[in-house]
Amino acid sequence: MGTGSLYTPVSTTTFAQHMNNSLNQYVEKNKIEKSELRVFSYGRFSNLKQAKGTSLARQHESAKAWCEENGVKLDESVKFEDKGKSAFSGKNAESGELAVIMKMLASGEIAPGSILLVEAFDRLTRMDIQQGMALMMSLINGGLMIVTLIDDNLWNKETLRDLPKFMMSVMNLYRGHEESKTKSDRLQDTFRLHREKGTTQAFGTAPGWLHRDSKLHPWEVDEEKAEVVRRVFELSAAGLGSKAIAGKATEEKWPVPMRLNRTEGRWHAQMAGQILKNRAVIGEHQHRISTYEARAQYWRGLEVGEPIKDYYPPIISEELWLAARASIRTRSVAKRRDTHYYNVWSGLLYCGCCGAPIQRKNETTGHSRAQLTCADRLTGATQCRTMAASNFDATMLQAIYEHDHESFAGQAARRHGDELGALEVEIDEKRKQIDRIADAIASGGGLKAFVDKAERLENEAAELKRRWAQLKEDDAVREEGILDETFVEESMSYLYVSHNEEARQKRAHLNLRLLRVVETIWVFGYDCAFIKFNNSDEIKAVPLPAKRLPSRAKEHVSRDTWVEPPKPVWDNHFANGIVLPEPRKQKPAGWQPSTVSPALYHDEAR
């Protein structure tokens, strides 16, 4: 908030006769030289748009003029300026240059008796009277003297002991706060009225891929940037993470589609993630209260009302939005360090002996392609068997594909349809209960009990909506199927291709589809594996190819004389069953260990 026509300095002849506030009087009384005084200035404006104006320059020139007039030198070795910091919220005193002044004063870097020049008190603070006085008194009690240039008053411990002087400071602080509060209230009322009317004219900000000539004109799509946004969603739906997308965007020099381009055209690691969360891509807008108090609770402000559909021109389909959201939720199962997606089993493989995660170590030469190794074996804690990826990948993909694929998809679709319908009914019932409580409160019922119940119902309704949205995301990707024969064959052809972007995207998509259908795979190297599918209690046992040395090895045995070694785990699970270790993975909130061991079976033995 700048000092303008709304500010009128308090000055009366009644107060003037009590004022011993000139610099000359202070110097004479304390018998010091002006050259001994350290004088520096503080400037501030509250809105970054004011950076284009002359606010700071005017404040600085006023400080220099005061120094010349009073025969002192302005210390310009330090510059205290708060740009875009609100004094009404106290942000400048919390994290701005004013906070730096307070710390330097407390530490002794600014000596007592130093002079701080400000245009007016409202440059320091526009907080309410209690907070404003506390701030001013902390500066003055720390030994700082404050000069307000607009009325040429000097404020220190001595002058504030004078009642008229003290009253004048209180009135100035109160006036600055009231001016800001009035402006804030008027602005909030204006936005509230426009929200209630459903107009877009009062809300000028929009995503970077939209623009308009004025608030009276409709939004127009910047197709170059919109195409970048669509590409981000397509890659996310295909299985690539935010960092991988940002890396591709940087490499291919995509334009940045953000409204505030603070990276000079560069993509940072979080940018793709920010785009993927923005529902404006499907035309929605969420009104928010962005006051200081609201931002203290959440950095983006507090949501007001329900999201408004068709507020902006949509640039992607809802189907693509849901597919990308489902992909993001699926990928959150595992934190990926394999940026080339060689490990298509990321987040799924665990050691059948100890439950530790299986790690993949790629090999650029040899037949194995990669070694699948128990994490505990890598640390020397166990001697669990390793296994070549080339012996594992094709067998496991084929087993997953063959697992009653059509029946599984049909059952899942029916189950999701039933659950969606039930959730919609339950959400509607919660909303009706909340409406009835609102009516009861309006008629003067027991307020606290009703409010508590309404809050509980709102939380329950929010959780139901979250689950409903998750099921809708699942439906968006269900039509493409999980694994089909063509997809498996195509994926296999790209499985070990290095330094190829198309192969990388194919592997990412394969990992995404596997995560959607498989929950856990326990691996016993060169023996067998057990697969637990999502949304199913069944566990499928799969025999794995035995280890065979390649022909170049000294110990190689020809095909005619080679005898497959025994598979003790595979044989034992038929005879006695097997207890699988709990996989050491991050547990979701509210997870409880199962007390019932699921039945293990093999398709041929059922």
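Just after helix α2, K31 takes a positive phi of about 50°. Helices here are DSSP runs of H or I, at least four residues, and strands are runs of E, at least two, numbered from the N terminus.

A word on the model. It is predicted: local features need pLDDT of at least 70, side-chain atom pairs count only at pLDDT 80 or more, and totals for chains, interfaces and linings use all residues. Residues are numbered from 1 along each chain as its sequence is written, and side-chain values use heavy atoms, with hydrogens and water left out.

Back to α2, residues 23–30. Which of its residues are buried? L23, Y26 and V27. Buried means under 20% relative accessible area, exposed over 50%, partly exposed in between, with a 1.4 Å probe and protein chains only. The three cover an arc of only 95° around the axis, so they sit on the same side of α2. That arc is taken from the directions from the helix axis to the C-beta atoms. On the other side, E28 and K29 are exposed. The cover over the buried residues includes α3 (55–70), β3 (115–118), β4 (145–148) and β5 (153–155).

Next, S41. S41 lies in strand β1, residues 39–45. S41 counts as buried because its relative accessibility is 16%. Beyond neighbours within four places in sequence, S41 is in contact (heavy atoms within 4.5 Å) with H60, A63, L74, F80, L116 and L117.

Last, the sheet. It is open, three strands, order β11-β12-β13, antiparallel. Pairing takes at least two DSSP bridges between two strands. The edges are β11 (358–362) and β13 (387–388), each pairing on one side only. β12, residues 370–374, pairs with β13 over two bridges. L372 stands opposite M387 in β13.
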